[in-house]
Amino acid sequence: MQCPVCKADNAEGPMCRRCKADLSLLFRLEAQRQHCCAGARRCLREGRWRDAIRFAAEADGLRNDDESLQLAALGNLFLRDFEGALRYHATVNADVR
């Protein structure tokens with residue numbers, strides 16, 4: 001995780017290794033995001049497509065990245081919502097979000 005104060009990379013928290021800024025909130029948000037992605041993957045395995053999309057959207061709201069968008073696209077594919085899946089796929093492959 002990159003410190004918003006000094007831009008140093010930090011693998012461990014809760015304080016920045018360089019400037020000692022408190023990063024505990026950012027680490028908690030990332031843990032919550034990982035929990036949402038895990039929930040989306042679990043729902044995909046269990047055939048709960050709409051729940052997978054909901055978890056993926058929640059993860060994407062915490063931090064927009066390819067992983068959460070890909071999980072949402074998979075949920076849409078399984079629901080046979082090809083237009084929705086294509087929208088997520090296009091977002092993953094876009095140069096600028």
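The model is predicted, so local features need pLDDT of at least 70 and side-chain atom pairs pLDDT 80 or more, while totals for chains, interfaces and linings use all residues. Residues are numbered from 1 along each chain as its sequence is written, and side-chain values use heavy atoms, without hydrogens and water.

**Exercise 1.** Find the aromatic pair and classify its geometry.

Step 1. Rings of Phe, Tyr and Trp (its six-membered ring) pair if their centres lie within 6.5 Å; planes under 30 degrees apart are stacked, over 60 edge-to-face, the rest tilted. The count is 1 aromatic pair.

Step 2. W49 and F78 form a stacked pair, with centres 4.3 Å apart and 15° between the planes.

Step 3. W49 belongs to helix α2 (residues 49-62) and F78 to helix α3 (residues 66-78), 29 residues apart. Helices are DSSP runs (H or I, at least four residues), numbered from the N terminus.

**Exercise 2.** State how accessible W49 and F78 are.

Step 1. Buried means under 20% relative accessible area, exposed over 50%, partly exposed in between (1.4 Å probe, protein chains only).

Step 2. W49, at 23%, is partly exposed. F78, at 45%, is also partly exposed.

**Exercise 3.** Describe the buried residues of α3 and what they pack against.

Step 1. The buried residues are S68, L69, L71, A72, A73, G75 and N76.

Step 2. With contact taken as heavy atoms within 4.5 Å, these residues pack against α1 (24-46), α2 and α4 (82-93).

Step 3. After α3 comes R80, with a positive phi near 65°.

Note on methods: Helices (H or I, at least four residues) and strands (E, at least two) are DSSP runs, numbered from the N terminus.
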